[in-house]
Amino acid sequence: VDFADSYYVLEEYEKAKELFVKALSVDPWNREAHRFLSDTEVQLNNGESAIHEMVLAVASDPIYEVGWSALKAYAAAVGRKWNRVYGNSRAEPGSADAAAWAAYGTAKAKAREAHPESASALAIEREAVRTTLKTAHETEARASKGPGPFWSMMARAENAGFLDEAIFIHMLDPALAAEYPAFREKNADRLASYLETVILE
C-alpha cells in the first residue's frame, strides 16, 4: 500500500492503481488500500469506481470515520444523496429518537434474557431492532409522530431488506465486531449494495 501510494504522490496513477489492486488481492479488507485506490480512481476520472472503492473502505471497517467523510464528499461531488445518521443512545429526552432508544434498551434486555447463551450478537440485535421499529410504528400510528432520524434510517434499511447490514454498519459494538469479519466475508456484495443504494441515493 505504501509503495502504491508513492506512485500516487508521483502522479503515476495507473501504476498506483495496479499496486493498490495487488495489495487488495492479498488483503481484501484493507481499509486504507480501498480509500487510496478510491482517490486514485478520482484522478483517473472514474467517479463511480471511486465511490465503490470508498464504499468498500467503509465496509472494511464501519467505524472508519475518514472513510465515511470521504464517501460523503465523493457522493456530493457526483450528485448522490446522503442518508447516514449517527446513532446516539443518549438522545435528548423528549426527542423522537430518545423514545425509540429507550424501547431498544428494553427490547435488547428481553432478547438477552430469552437467549442467554445460544443466540449470536446479531440475532439479539435483530430482535431488539425489529421490536423497536414495531414500537415506533405503533407510536406513529397513535400520535402521528414517527421515530427520529436514526431509527427512520434503520426502518429504511429494514424496508429495503438490509437490516442485518445496517445493524453491523451503524450499531457495531464489541459483541457484533467479533462476528463482523465472518459476516463481511459472506455478505460483501450486500454490504456494498446497502451503502450504495440506501445510504447513497
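Colleague: Which residue lies over the face of Tyr86?

Modeller: Please keep in mind that this is a predicted model. The residue over the face of Tyr86 is Arg84, at 4.0 Å from the ring centre. A second case involves Lys15, whose charged end sits over the ring of Tyr7, 6.0 Å from the centre of that ring.

Colleague: With which residue does the side chain of Lys15 meet in a salt bridge?

Modeller: The general idea is that side chains of opposite charge can pair when their charged atoms come close. Here the side chain of Lys15 meets that of Glu18, with 3.4 Å from N to O. Both residues belong to helix H2, which covers residues 13–26, and they stand three residues apart, about one turn of the helix. Lys15 counts as partly exposed at 30% relative accessibility, and Glu18 is also partly exposed, with a relative accessible area of 47%.

Colleague: Which residue forms a salt bridge with Asp61, and what parts does the pair tie together?

Modeller: The partner of Asp61 is Arg31, and the closest N and O atoms of the two are 2.5 Å apart. Arg31 lies in helix H3 (residues 31–43), whereas Asp61 lies in the loop between helix H4 (47–60) and helix H5 (65–77), so this pair ties together parts that are 30 residues apart in sequence. Asp61 counts as buried because its relative accessibility is 18%, which falls under the 20% limit, while Arg31 is partly exposed at 28%.

Colleague: How far apart in the chain are Lys108 and Asp173?

Modeller: The side chains of Lys108 and Asp173 meet in a salt bridge with 3.6 Å from N to O. This pair links distant parts of the chain, with Lys108 in helix H6 and Asp173 in the loop between H9 and helix H10 (174–186), 65 residues apart. Lys108 counts as buried at 11% relative accessibility, and Asp173 counts as partly exposed at 23%. Salt bridges that share partners also join Arg31, Glu32 and Asp61 into one network, and the count of salt bridges comes to 11.

Colleague: How many aromatic pairs are there, and how is such a pair described?

Modeller: A pair of aromatic rings is described by the distance of the centres and the angle of the planes. The count comes to 12 aromatic pairs. Among them, Trp68 and Trp82 form an edge-to-face pair, at 6.0 Å centre to centre and with 80 degrees between the planes. This pair links distant parts of the chain, since Trp68 is in helix H5 and Trp82 is in the loop between H5 and H6, 14 residues apart. Trp68 is buried, with a relative accessible area of 1%. The rings of Phe150 and Trp151 have centres 5.4 Å apart and planes at 85 degrees, so they too form an edge-to-face pair.

Technical notes: Residues are numbered from 1 along each chain as its sequence is written. This is a predicted model: local features need pLDDT of at least 70, side-chain atom pairs count only at pLDDT 80 or more; totals for chains, interfaces and linings use all residues. Side-chain values use heavy atoms; hydrogens and water are left out. A salt bridge is a side-chain nitrogen of Lys or Arg within 4 Å of a carboxyl oxygen of Asp or Glu. Helices (H or I, at least four residues) and strands (E, at least two) are DSSP runs, numbered from the N terminus. Buried means under 20% relative accessible area, exposed over 50%, partly exposed in between (1.4 Å probe, protein chains only). Rings of Phe, Tyr and Trp (its six-membered ring) pair if their centres lie within 6.5 Å; planes under 30 degrees apart count as stacked, over 60 as edge-to-face and the rest as tilted. A charge sits over a ring if NZ of Lys or CZ of Arg is within 6 Å of the ring centre and within 35 degrees of the ring normal.
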